[in-house]
Each structure stands twice: as C-alpha cells, then as structure tokens.
Amino acid sequence: MKMAPECIPCLIGRVLFESLEADEAKAVPAVRNASMMLGELFDHGVCSATVATEVHRETYRILGDVDPYASLKQLSNEVALELYPFAKRTVEESKDPLRTSFLCAIVGNVLDFGIGTGYDNPVKLKKEYRNLVKEDLGHDDTPKIKKLLKNADRVVYLADNCGEIVFDRLALKEIKRFEVDLTLVVKEEPILTDATLSDIEGLGMEDIVDRIEVSPGFAVGIDLDSLKGPFGRTLRKADLVIAKGMANFEALSETDIAPIAYLLRTKCYPVANAMGLKKDINAVKLFEKRKRK
C-alpha cells in the first residue's frame with residue numbers, strides 16, 4: 001500500500017505509545033527522531049509498511065528495548081483466553097462455522113496500540129468482544145474462499161497480533177476441515193504486538209496446523225526482501241494465502257502474491273480506501289489476481 005499523509009500522525013502516535021511503555025525519559029528523542037525520519041522518507045509511491053519498519057527499527061534502538069510491548073502482548077493473550085470459550089461456542093453453534101471463525105478471529109484484530117483507532121487496553125476487548133461479533137462482517141468473501149479451499153492443497157496463514165492469535169485457532173481448525181496442508185506463519189523477531197514463536201507457546205497451535213514457520217527479520221507486515229528467498233517461495237507455492245491484519249495488507253498489496261485473502265478490521269481510511277472498503281468494518285476480502293510487474 002502506498003503511504004498516505006494520514007499515516008504520519010499514526011506512526012508518531014505509535015512511537016510515542018511504545019516510548020511511554022518502555023522508557024518515558026526517552027520519549028522526546030524517540031519522537032523527534034521519528035519525525036525527522038518521516039520528513040525524509042515520506043513521499044509519493046513509498047510503501048507504508050516499509051517506512052513504518054524503518055521508523056520502528058530506529059525507535060527500538062533509541063529505547064534500548066527489543067520488545068517494548070512484551071507485557072501488553074502477554075495481557076492480550078490472557079484476555080483472549082478468557083473470551084475464547086464464548087468464541088468457540090459461537091463457532092460451534094453457527095450454520096457457517098468457517099465464516100464465523102473468520103469473524104471471531106477478525107474481532108480480535110481490534111487490539112491496536114497507539115494509533116487512536118484501535119483498543120489501547122486489552123481489558124476493553126473483554127467488555128466489547130461480544131458487541132463486535134454482533135456487528136458481523138461488513139464485507140464477506142467467504143463463499144469465494146470456500147471454493148478455493150475445496151480445490152486447494154497448500155494454504156499459508158499469516159498471523160498478526162497477540163490476543164487475536166488465540167482466536168486464530170478457531171479459523172485454523174475450520175480451514176483444516178478442508179483437508180489442506182496448512183502452514184501457520186508468525187514473526188521471527190518482536191515488532192509491535194505481532195506474535196512470535198515464544199508468544200504462542202502453550203496455545204496448542206502445533207496440534208492444529210501441519211507446521212509453524214517464521215517470516216524472516218524485523219518488519220511491519222512482511223519484509224519484502226524476504227520474498228526473494230525461501231519464504232517467498234513458500235507463499236507463491238500456496239494455493240491460498242490468508243493474511244491477518246492491516247500491516248500484512250500494507251506490505252503484501254505491493255507484491256504478486258495471490259490468491260490472497262485478508263481478514264481484518266479496517267481501522268483507518270488509507271487501508272479502507274486502498275481495499276475499496278468502508279472504515280471500521282470487519283472484513284474478509286479476497287484478491288485473486290496477481291499484480292502485473
């Protein structure tokens with residue numbers, strides 16, 4: 001996705017939030033540095049995820065903290081585990097379990113810290129989760145995805161944040177009912193609240209999917225350079241890629257990876273507009289064609 005002017009205050013807000021989480025005394029130099037970087041990097045045609053990656057890389061260096069969201073990630077998983085029985089029951093009682101599992105996984109995506117349009121406190125999700133599920137899907141390409149799954153051999157599922165990763169279990173279980181070879185991908189290195197291997201310990205993911213892999217390096221969304229190597233081949237060999245969250249869309253919409261289905265909540269206008277969707281909806285959006293080079 002191409003960076004929009006609205007992305008700048010969003011990124012600054014993120015930097016301020018993680019600075020206050022890690023070391024309030026370093027908030028001023030971190031925000032000042034991010035502002036300077038954005039002044040240099042922002043331009044027409046640049047990828048928003050690539051710029052965000054560089055800004056956060058420098059912010060983490062200034063903070064001297066490789067995982068400033070560590071405690072929030074743990075709390076997010078704890079809150080999600082409390083809500084999981086309700087979500088599981090909702091899927092089991094549904095007439096369309098795959099669709100409902102997607103919905104329950106997407107609602108967890110509302111957790112987003114420091115951007116002003118998500119929930120900054122995991123406890124708030126505990127209060128609002130049921131209401132957000134009642135909102136249902138504002139855009140639903142699940143029927144198209146079912147057709148692809150019926151003929152698929154390999155599916156890759158790109159996870160997003162802690163908290164929502166707990167609800168991803170429901171979607172992964174429903175996908176496996178199509179008897180596909182299913183790979184779950186989490187982050188190699190901590191960035192924002194994205195789930196890493198250590199963050200999913202104890203969640204039983206290895207009992208659901210065929211394998212768990214990592215997306216290489218430190219990156220908001222996906223490191224586009226990593227697509228030139230083995231990880232890129234993994235995605236391109238898949239009959240379907242399912243990607244959670246806005247950051248994965250921001251990165252992968254710049255690539256030829258397809259067919260790809262995005263499960264997310266449209267928390268900002270730049271992402272919503274780029275996807276051709278309304279803001280603040282739960283969305284299952286499938287892109288079937290590859291970008292022309």
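Biologist: What should I know about the model before we start?

Modeller: The model is predicted, so local features need pLDDT of at least 70, side-chain atom pairs count only at pLDDT 80 or more, and totals for chains, interfaces and linings use all residues. Residues are numbered from 1 along each chain as its sequence is written, and side-chain values use heavy atoms, with hydrogens and water left out.

Biologist: How many helices and strands does the chain have?

Modeller: The chain has 11 helices and seven strands. Both are DSSP runs, numbered from the N terminus: helices are H or I with at least four residues, strands are E with at least two.

Biologist: And what is the radius of gyration?

Modeller: The chain has 18 Å. A compact globule of 293 residues would be near 19 Å, so the two agree. The radius is taken over C-alpha atoms, and the globule rule is 2.2 Å times the number of residues to the power 0.38. Along the principal axes, the C-alpha atoms fill a box of roughly 50 × 45 × 35 Å.

Biologist: How much of the chain is buried?

Modeller: Of the 293 residues, 56% count as buried. Buried means under 20% relative accessible area, exposed means over 50%, and partly exposed is in between (1.4 Å probe, protein chains only).

Biologist: New topic. At what angle do α5 and α6 cross?

Modeller: Helix α5 (residues 97-107) and helix α6 (residues 122-134) cross at roughly 145 degrees, and their axes come within 10 Å. Axes are lines fitted to C-alpha atoms, for helices over the stretch in contact, and angles run from 0 to 180 degrees between N-to-C directions.

Biologist: Which residues make the contact?

Modeller: Leu103, Cys104 and Val107 come from α5. Leu125, Tyr129, Leu132 and Val133 come from α6. Contact means heavy atoms within 4.5 Å.

Biologist: Which is Leu203, buried or exposed?

Modeller: Leu203 counts as buried, because its relative accessibility is 5%. Leu203 lies in the loop between β3 and β4 (211-215).

Biologist: What does Leu203 contact, leaving aside neighbours within four places in sequence?

Modeller: Leu203 is in contact with Asn77, Leu81, Ile165, Val166 and Arg169. From C-alpha to C-alpha, Leu203 and Arg169 are 8.4 Å apart, though 34 residues apart in sequence.

Biologist: Last topic, the backbone. What is the phi of Asp136?

Modeller: Asp136 has a positive phi of about 65 degrees, although it is not a glycine. Most residues other than glycine have a negative phi. Asp136 is in the loop between α6 and β1 (139-140). Asp136 counts as partly exposed, at 32% relative accessibility.

Biologist: And what about Glu179?

Modeller: Glu179 also has a positive phi, near 60 degrees. Glu179 is in the loop between α8 (164-176) and β3 (181-187). Glu179 is exposed, with a relative accessible area of 72%.

Biologist: Which is the peptide bond from Ala258 to Pro259, cis or trans?

Modeller: The bond is cis, with omega near -5 degrees. Most peptide bonds are trans. Pro259 lies in the loop between α10 (246-252) and β6 (260-265).
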